[in-house]
Amino acid sequence: MRKLALIVTLLLLATSVLAQSSPQVVSEVYVTTIKPGMTAQWEAGRKEHSAFHAAQKDTWSVLVWQILTGERSGSYMSSSPGHNWKDFDAREAFNKTDLPNVEKTMGASTAGSVKAYYVYRDDLSLTKPPSPPAKMRTTASYSVIPEHVNDFLDAVKKINAAIQKTNYPVKPSRWYQLANGGDVPTYVLVTDRASWSDMEPQDKKLEDALKEAYGDSGALDQLRRSCHRITTEMSVFRADLSYMPK
């Protein structure tokens, strides 16, 4: 019975992957925890390492976000977006010089770092990633119950359709799926914010848009029931710590 359940789960996960565009668009993401009292040293090292990327004429961007809320408050997220899986094969030679420089510039001030890979879900997203990145952003992570992946994806698509049908004034946002480096299936909704005041709730609620489109807000309930955990956090873009090739 357990074997059958495992097979069903794997088939559901495979279906969710096949729904994406090919080749997949991948982001390499690091979340770094700083040693107590060494934030200034780490930031100085991060700037020095960005200078290393510039000297190497690196063509990959490294976008750095400072996490302000949630379980990871005080940590930094470094993301290199917009790659295909095959690009990481060609990255091996650069990594042989990059990783020693990471240790040299930030190793002493780093308490730990976790790496993961996320796939951009263009089939679920209403807007494209902004360039340059927004000043701030909120992130909602949905840990989906494996047996309810299709229910979750159907709910997201139904909510998106209601947003478009009713012209609901949604903020620019994008969906990502964790491909490797953590608990799966996990989906992440990233929403751009221009300022703290941009957090103010709108007069019209998402439930209202769903009721206008379908007569009820069942899709939102379906999305929530499909998850065993939902977490949120706020982060601010640190252009001074990021590397963006000219």
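Where does aspartate 58 lie? Select the loop between helix H2 (39–55) and strand S2 (63–67), which holds this residue; helices (H or I, at least four residues) and strands (E, at least two) are DSSP runs numbered from the N terminus. The model is predicted, so local features need pLDDT of at least 70 and side-chain atom pairs pLDDT 80 or more, whereas totals for chains, interfaces and linings use all residues. Residues are numbered from 1 along each chain as its sequence is written, and side-chain values use heavy atoms, without hydrogens and water.

Aspartate 58 is buried, at a relative accessible area of 5% (buried means under 20%, with a 1.4 Å probe and protein chains only). Display its neighbours next: leaving aside residues up to four places away in sequence, aspartate 58 touches His53, Arg91, Phe94, Tyr243 and Pro245 (contact means heavy atoms within 4.5 Å). The side chains of aspartate 58 and arginine 91 are joined by a polar contact of 2.8 Å.

Now select strand S1 (residues 26–34), where seven of nine residues are buried. S1 runs antiparallel to strand S3 (residues 76–83), with six bridges; valine 31 has methionine 77 as its bridge partner there. Nine bridges join S1 to strand S4 (residues 110–120), also antiparallel, and threonine 33 stands opposite glycine 112 in S4.

Finally, select helices H6 (residues 206–214) and H7 (residues 218–225), whose axes come within 8 Å and cross at roughly 125 degrees. Leu206, Glu207 and Leu210 of H6 meet Ala219, Leu220 and Arg224 of H7.

Definitions and conventions: Axes are lines fitted to C-alpha atoms, for helices over the stretch in contact, and angles run from 0 to 180 degrees between N-to-C directions. Buried means under 20% relative accessible area, exposed over 50%, partly exposed in between (1.4 Å probe, protein chains only). A polar contact is a pair of N or O atoms within 3.5 Å; within protein, one must be able to donate a hydrogen and the other to accept it, and residues adjacent in sequence count only if both atoms are side-chain atoms. Two strands pair if DSSP finds at least two bridges between them.
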